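This report walks through selected parts of a protein chain.

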Amino acid sequence: MSATDEPTIRVMALHALAYCERLFYLEEVEEIRVADAAVWAGRRLHQELDEPADVVTLTLEDPELGIRGRLDAVRRRDGSLYPVEHKRGRCRSGPDGPAPWDSDRLQALAYALLLERHSGRAVEEVRIRYHASNATVRVTVDDAGRADVAAAVARARVLAAETERPPVTADERRCIRCSLAPVCLPEETRLAAAVVDQVAADQKPTPVRLFPPDDERRSLHVVNQRARVGRSSDALSVKEPDAPAVKLGCREVSDVVLHGHAQITTQALRLCASHHIPVHWVTTSGVYLGAFAAHAPAVQRRIRQYRGLDDPDLATSLSRRLIVAKIQLQLQHALRASRKDRGLRARIDEHLAAIRVAVRGAAHALDREALLGHEGSAARAYFRALGHLVHPDAGPDLVPQGRSRRPPRDRFNALLSFGYGLLYRDVVSALLRVGLEPSFGLLHQPRSAAYPLALDLMELFRVPVVDMAVLGAVNRRTFDPTSHFAVTGPQVWLSDEGRRRLIAVYERRKHEEYRHPSVGYTLSYARMLELEARLLEKEWSGEPGLFARLRIR
């Protein structure tokens, strides 16, 4: 394939390449783009520019140069043309006064070459206007500059052909200002390297907080069976019978969950797709049916995932880490709930001993069957103990008799099953957002419609997000044994009001913040789901060490 046959590269991509090769790869190859506050401010600056009437804006492409881009402004002076590039921030302070940043210089030179080829005239300089510094920097278009642009295009094409991400930049200061830091996780990568190298605890780097503590958006649950989600301009409109429509802006909604037979219009689906808002369908009993989500094609991420999961040693190691984490979380939950009651602790001591035996066995298990055996032993002991942790004031009807599902046979298990359904949906969303294929897992096998990788990742969050929230709500007498449940023979389901109450309990718990022991900072469980999915991806992307280390105190 000749140079003119290859797809052209965005000039903005060359800017990212000069700033950080990993940033270029994430944006241009994996097609991950995040608009943070700085990005929106830059866009607003370009929209509000008050340029003279003789200034024109051009969108140009040249296959021989191999680049394409939109010039902010083109001006004419003394018969010659020169482009002007606007930057919201400050310029660099050079020995001779204001100077451009390397990435800005490369971008401006690329625009100059595009203008030169388009106009057929020599372009001798390009100007960069730094608004925060109130300074204009001139960049000469010379042979060195042309060579720099050509070298950058060549390097971009080499990176675009790779399936492995470039390493994080050595300049940590650049990561702080990068909009893709929550995706790249550069500080966590540096910490993981210290963990793998077994660096002493007092010498490990303290991660700079670049991952957001919580998502300002919230899940929209539509429980009314006659409700309909439509579109009103750039907002979602939820209409229930005999009630005025409720409008929610797209920046307020993280995902839409339609329970039962609630409906959504095509126009609303298109709006959700354009704002990357997934739409989920679940039954009234909480069984997950499927999702509609518009995401970038994560081909490189999928290739790395398939290679990683094809390694039996890696799959077994990660599965062991997951099961050990799950059993330890169960043990810590039981110890935590009984720590103030010696009598209660004595009643469950036998079950705690069984869980301790299971966690030791899982830590030394060598295959999937052994791991599942220890997990099953721990689960039986844990759910026997869980019945003792329900406060007597909650009433005997809310005390579980072990674990029952499909269908649940008591009220506590009905709450757990519905809560696990809500958690499963959030885990699927996190995996899709990260770009992983949920159909290929570590431990669980594709024996049902459930995604194996989602079931794997759920193991980390069943206890802290669902079990602890349900037990706390039951002990606070949040649920009425009569009005919040429907009993049909041996089967127990949640009523409409019971579902609404549990959804509220679950969503509050999901946005509670907790200090993650691996990375050392506090974030909500909603964000923690995404963080663990990204840490899982790092396990087979050459940056392992931090996945499945979540514990509770």
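How many residues lie between strand 11 and strand 12 in their hairpin, and which residue in the turn has a positive phi? There are six residues between the two strands, and Asp242 in the turn has a positive phi of about 60 degrees.

This is a predicted model, in which local features need pLDDT of at least 70 and side-chain atom pairs count only at pLDDT 80 or more, while totals for chains, interfaces and linings use all residues. Residues are numbered from 1 along each chain as its sequence is written, and side-chain values use heavy atoms, with hydrogens and water left out.

**The open sheet**

Helices (H or I, at least four residues) and strands (E, at least two) are DSSP runs, numbered from the N terminus. Two strands pair if DSSP finds at least two bridges between them. An open sheet of mixed pairing is built from four strands in the order 12-11-10-14. Its edge strands, strand 12 (246-249) and strand 14 (263-264), each pair on one side only.

Strand 11 (residues 235-239) runs antiparallel to strand 12, and four bridges join them. Within this pair, Lys247 is the bridge partner of Ser237, and Gly249 stands opposite Ala235.

Helix 9 (residues 266-274) lies across strand 10 (228-232), strand 11 and strand 14. The angle between helix 9 and strand 10 is about 65 degrees, with axes fitted to C-alpha atoms, for helices over the stretch in contact (heavy atoms within 4.5 Å), and angles running from 0 to 180 degrees between N-to-C directions.

**A second hairpin**

Strand 7 (residues 125-130) and strand 8 are antiparallel and joined by six bridges. Arg129 stands opposite Thr136 of strand 8. Four residues separate the strands of this hairpin, and Asn134 has a positive phi near 55 degrees.

Buried means under 20% relative accessible area, exposed over 50%, and partly exposed in between (1.4 Å probe, protein chains only).

**Helix 2 and the cysteines**

Helix 2 (residues 21-29) is largely enclosed by the rest of the structure, because eight of its nine residues are buried. Among them are Arg22, Phe24, Glu27 and Glu28. Glu31, which follows helix 2, has a positive phi, near 60 degrees.

With a disulfide taken as a pair of cysteine sulfur atoms within 2.5 Å, the count is zero. Cys184 is in no disulfide; its nearest cysteine sulfur, that of Cys175, is 6.2 Å away.

| Residue | Relative accessibility |
|---|---|
| Cys91 | 14% |
| Cys184 | 9% |

**Cavities**

A cavity is a set of points on a 1 Å grid over the protein atoms alone where a 1.4 Å probe fits but cannot get out; lining residues have an atom within 4 Å of a point. There are two cavities of 30 Å³ or more.

Of the 13 residues lining the largest cavity, Cys20, Leu23, Cys175, Cys178 and Cys184 are the closest to its centre. Helix 2, helix 6 (172-176) and helix 7 (181-184) each supply at least two lining residues. Helix 2 gives the largest share, three residues.

Methods
On a 1 Å grid over the protein atoms alone, a cavity is a set of points where a 1.4 Å probe fits but cannot get out, and a pocket is an open set with protein on both sides within 12 Å along at least five of seven lines; lining residues have an atom within 4 Å of a point. Grid points are joined across faces, edges and corners, and a volume is the space filled by probe spheres set on the points.
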